[in-house]
Amino acid sequence: MFNRVTGLQPLKALCPIGVFDSGIGGLSVLRALQKELPQERFVYLADNAHAPYGEKSENFVSQRTHAIAHYLQTQHQIKALVVACNTATAAAIQGLRAAYPTLPLVGVEPALKPALALSSTRRIGVIATRGTVASVKFSRLLASVKNEAHFVVQACNGLALAIEQSTLPDPSHDAQAQITRLLQTYTQAMGHFGSAPGDIDTLVLGCTHYVFVEHDLRTLLGPDVQLVSTGEPVARQTHRLLAAASLLNAAQPEGAEPTMRLLTTGDLKGLQAAAQRWLGLPEEACEAVPASL
């Protein structure tokens with residue numbers, strides 16, 4: 001929004017939106033955010049040095065989440081924060097809201113309610129990390145819709161890490177083979193997928209990493225199963241919060257910094273490869289930061 005007196009945008013509106021995940025999974029959310037808010041600047045932090053969050057304790061994930069939020073606010077002056085990680089949202093979003101009451105905050109959660117609108121058989125699958133599935137936040141979410149459909153929930157240990165490893169430069173055949181094995185194992189454990197009565201006809205991708213294996217899932221489950229992720233709803237909610245706070249960036253000023261900056265606490269080459277593969281960004285858009293931030 002422009003200032004009615006000076007005709008200029010508030011300086012805060014020119015600040016970037018912070019986005020973070022334990023690794024490269026949140027790039028799927030970043031991609032949706034960029035599409036929804038093309039005039040905005042973004043700074044993305046992948047906490048690869050401490051990934052995967054889904055197999056860490058809730059206390060550890062909460063501590064990392066608060067440390068990253070502090071870093072992004074103090075070092076990059078973010079105007080909003082998107083927690084693009086289901087596990088971190090479940091572990092820490094309430095604490096973040098208390099610690100940063102004036103900062104627009106958006107978390108992600110498995111899209112159970114959107115899945116309800118799509119399912120005809122009323123059998124819905126949910127795949128997520130162990131940390132998400134075991135969280136109190138997810139239990140409450142599941143309880144809120146348990147009478148509207150039958151949900152088959154599957155924790156997918158190791159899948160997010162396998163997806164991370166598959167994005168490394170010249171990924172080995174073993175990494176992709178491991179993803180295929182894990183997907184087969186976990187989906188077979190859930191039951192039959194399809195469109196017939198009693199089949200699971202909708203699958204919720206409860207981890208941002210899983211968006212990057214949508215093609216594998218479609219090949220495995222067939223064309224009748226609908227896959228539901230959270231990137232687009234999160235992007236729309238971020239848009240709404242920024243508009244309500246008069247923080248939307250009307251346009252990129254001439255000579256502005258690059259619109260997207262990607263940081264990692266871990267392997268730089270891995271982030272560069274993922275950024276090129278899924279966002280079309282050059283290596284120069286990525287940089288390493290201390291793991292101890």
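**Second largest cavity**

I listed the lining of the second largest cavity in this predicted model: Pro52, Gly54, Glu55, Thr129, Arg130, Cys156, Asn157, Gly158, Leu159, Ala160, Leu161 and Tyr210. A cavity here is a set of points on a 1 Å grid over the protein atoms alone where a 1.4 Å probe fits but cannot get out, and lining residues have an atom within 4 Å of a point. The space in the second largest cavity is about 50 Å³; a volume is what probe spheres set on the points fill, with points joined across faces, edges and corners. Helix α7 (residues 159-166) gives the largest share of this lining, 3 residues. Helices (H or I, at least four residues) and strands (E, at least two) are DSSP runs, numbered from the N terminus. I sorted the lining into 6 nonpolar, 4 polar and 2 charged residues. Ala, Val, Leu, Ile, Met, Phe, Trp, Tyr, Cys and Pro count as nonpolar, Asp, Glu, Lys and Arg as charged, and the others, Gly among them, as polar.

**Numbering and limits**

Residues are numbered from 1 along each chain as its sequence is written. Local features need pLDDT of at least 70 and side-chain atom pairs 80 or more, while totals for chains, interfaces and linings use all residues, and side-chain values use heavy atoms, without hydrogens and water.

**Largest cavity**

I counted 4 cavities of 30 Å³ or more. The largest cavity has a volume of about 80 Å³. It is lined by 14 residues, of which Ser22, Cys85, Thr87, Thr129 and Cys207 are the closest to its centre. The classes in this lining are 5 nonpolar, 8 polar and 1 charged.

**Largest pocket**

I then looked up the largest pocket, whose volume is about 370 Å³. A pocket is an open set of points with protein on both sides within 12 Å along at least five of seven lines. Among its 21 lining residues, Gly107, Val108, Glu109, Lys137 and Val234 are the closest to the centre. Two or more residues each come from α3 (86-99), β4 (105-107), α4 (112-118), α6 (136-145) and α10 (231-244). I noted 12 nonpolar, 5 polar and 4 charged residues in the pocket lining.

**Helices α2 and α3**

Helix α2 (residues 58-76) packs on α3 at about 50 degrees, with the axes 8 Å apart. Axes are lines fitted to C-alpha atoms over the stretch in contact, and angles run from 0 to 180 degrees between N-to-C directions. α2 is therefore oblique to α3 (under 35 degrees is roughly parallel, over 145 roughly antiparallel, 65 to 115 roughly perpendicular, the rest oblique). The contact (heavy atoms within 4.5 Å) includes Glu58 and His66 of α2 and Thr87 and Leu96 of α3. By class I found 7 nonpolar, 5 polar and 1 charged residues in this contact.
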